[in-house]
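Subject: Structure handover

Hello,

Here is the structure for you to look over. My notes on it follow below.

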Amino acid sequence: MPFVRPQASDLLVRLRESRRFIQVVAGARQVGKTTLVAQAAERSGLPHHTASADEPTLRGTGWVATQWETARLLTDGRENRDALLVLDEIQKIPGWSETVKRLWDEDTRRRRPLRVVLLGSAPLLVQRGLTESLAGRFEILRLPHWSFAEMQAAFGWSLEQYLFYGAYPGAAPLVHQHDRWSRYIRDSLIETTIARDVLLLSRVDKPALLRRLFELGCTYSGQILSYTKMTGQLQDAGNTTTLARYLDLLAGAGMLTGIQKYAGGAARRRASSPKLQVFNTALMTALSGLTLPEACADRGYWGRLVESAVGTHLANAAAAGEVQVFYWRDRNREVDFVVRAGRRLAAIEVKSGRARKSKPGLEAFASAFHPDRTLIVGGDGLGLEQFLSTPVTNWVST
């Protein structure tokens, strides 16, 4: 029996209980969106029609209307015969949100019982289309990268395997052939995402700079790097505004984000140097040129991998809208991660065994901001496996 992610049950409940909203499933490539929706559709018992716009050439809005009409036929013209339409990679259609709005409003006026699920692998672009045309008509189910607990349940992975191979379920069968696994991550995931979800659908004046920024972020994942230093490392005359925008595009594609410094005001946080963080440690290791035994033998690299794995756990929870994640630094004192959920605050220090230039700052942070919880992960603190196996909200809410 295939592994079923918990979000499939959430979507199934929504499909059964509400006709009022379009259901939108957004997440990065290869996190299981299509499989999850297919599982929910089968379990719903509704007749359904599924189509994908993920083609080398962009389709037009007429394609959306054609698929919609095909699904309408499944309702058979009867008021109580519900049917389901699933449109995958919806962000590939120029002007998709206006067409969806028109068709959805037509069905609403005529009380046609058609339920709709839209999937998109570029969350930033999907959100843009929703807010432009579909206000009040949708619910979003944000699908993050797989967690350690999910990879362990589905594939029996050890903690060591998860840290190195990351959390792409489609790549799991290839881990015993390192070269094939590495090529799959680079060609089928990294290159496809950058070329088809970022460069093809957004204005990028310097695509080579964006690619180098991504590679830099993978190399320095878990580390704080100012935009000025990034410019120097990338050997490009581009300004910091361009780098910040490109980092936002990579974050919107579920690849690399810049965690901001925790401070008193939002403006100060935004102006801070970002802490670079991949959303999946496979993005780091596939580009490193190292095998699993070589990575384990390199103490410094393994320490960075541990810190990045903790960061991926937190960053994915933030991308799913569950929490907000920051770091904190004051002179030479630092807290690796600050997590906020509502009014509750947690400070997290990671003991990875990697030598640090700055001193731990949990006590200083606690004195300044009075968090509800301070947590040490690794070393003589909480075990890394337990931390990664537990939902992030549990560490903030209790």
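Strands β6 and β7 (residues 275–278) pair in the antiparallel sense, over 4 bridges. Pairing here requires that DSSP finds at least two bridges between two strands. Helices (H or I, at least four residues) and strands (E, at least two) are DSSP runs, numbered from the N terminus. Ile-259 has Lys-275 as its bridge partner in β7. β6 also runs parallel to strand β8 (residues 324–330), joined by 2 bridges. There, Gln-260 is partnered with Phe-326 of β8. Strand β6 (residues 256–261) has 5 of its 6 residues buried, so it is largely enclosed by the rest of the structure. Buried means under 20% relative accessible area, exposed over 50%, partly exposed in between (1.4 Å probe, protein chains only).

Before going on, the ground rules. This is a predicted model: local features need pLDDT of at least 70, side-chain atom pairs count only at pLDDT 80 or more, and totals for chains, interfaces and linings use all residues. Residues are numbered from 1 along each chain as its sequence is written, and side-chain values use heavy atoms, with hydrogens and water left out.

Overall shape

The protein chain has 18 helices and 12 strands. Its radius of gyration is 22 Å, close to the 21 Å that the globule rule gives for 398 residues, so the chain is as compact as a globular protein of that length. That radius is taken over C-alpha atoms; the rule is 2.2 Å times the number of residues to the power 0.38. The C-alpha trace spans about 70 × 50 × 45 Å along its principal axes. Of the 398 residues, 55% count as buried.

The parallel sheet

An open sheet holds 5 strands in the order β2-β3-β4-β1-β5, with parallel pairing. Its edge strands, β2 (48–52) and β5 (138–142), each pair on one side only. From one strand to the next the twist averages 15°. Strand β1 (residues 22–26) pairs with β4 (residues 114–120) over 4 bridges. Val-25 stands opposite Leu-119 in β4. Helix α4 (residues 96–110) packs on the sheet and touches β1 and β4; its direction makes about 165° with that of β4. Axes are lines fitted to C-alpha atoms, for helices over the stretch in contact, and angles run from 0 to 180 degrees between N-to-C directions.

Cores

The largest nonpolar core has 78 residues. Such a core is a set of buried Ala, Val, Leu, Ile, Met, Phe, Trp, Tyr and Cys residues joined through side-chain atoms within 4.5 Å. Residues with the most contacts inside this core include Leu-163, Trp-181 and Leu-314. Helix α15 gives the largest share of the core, 8 residues. Leaving aside neighbours within four places in sequence, Leu-314 is in contact (heavy atoms within 4.5 Å) with residues including Val-323, Phe-337 and Phe-387. Another core, of 24 residues, lies apart from the largest one; Leu-85, Leu-87, Leu-103 and Val-116 are among them.

Two single residues

Thr-312 lies in helix α15 (residues 299–319). Thr-312 is buried, at a relative accessible area of 3%. Beyond its neighbours within four places in sequence, its contacts include Tyr-162, Gln-277 and Val-278.

Leu-159 lies in helix α7 (residues 159–165). Leu-159 is buried too, with a relative accessible area of 19%. Not counting residues up to four places away in sequence, Leu-159 touches Phe-148, Leu-384, Glu-385 and Leu-388.

Best wishes
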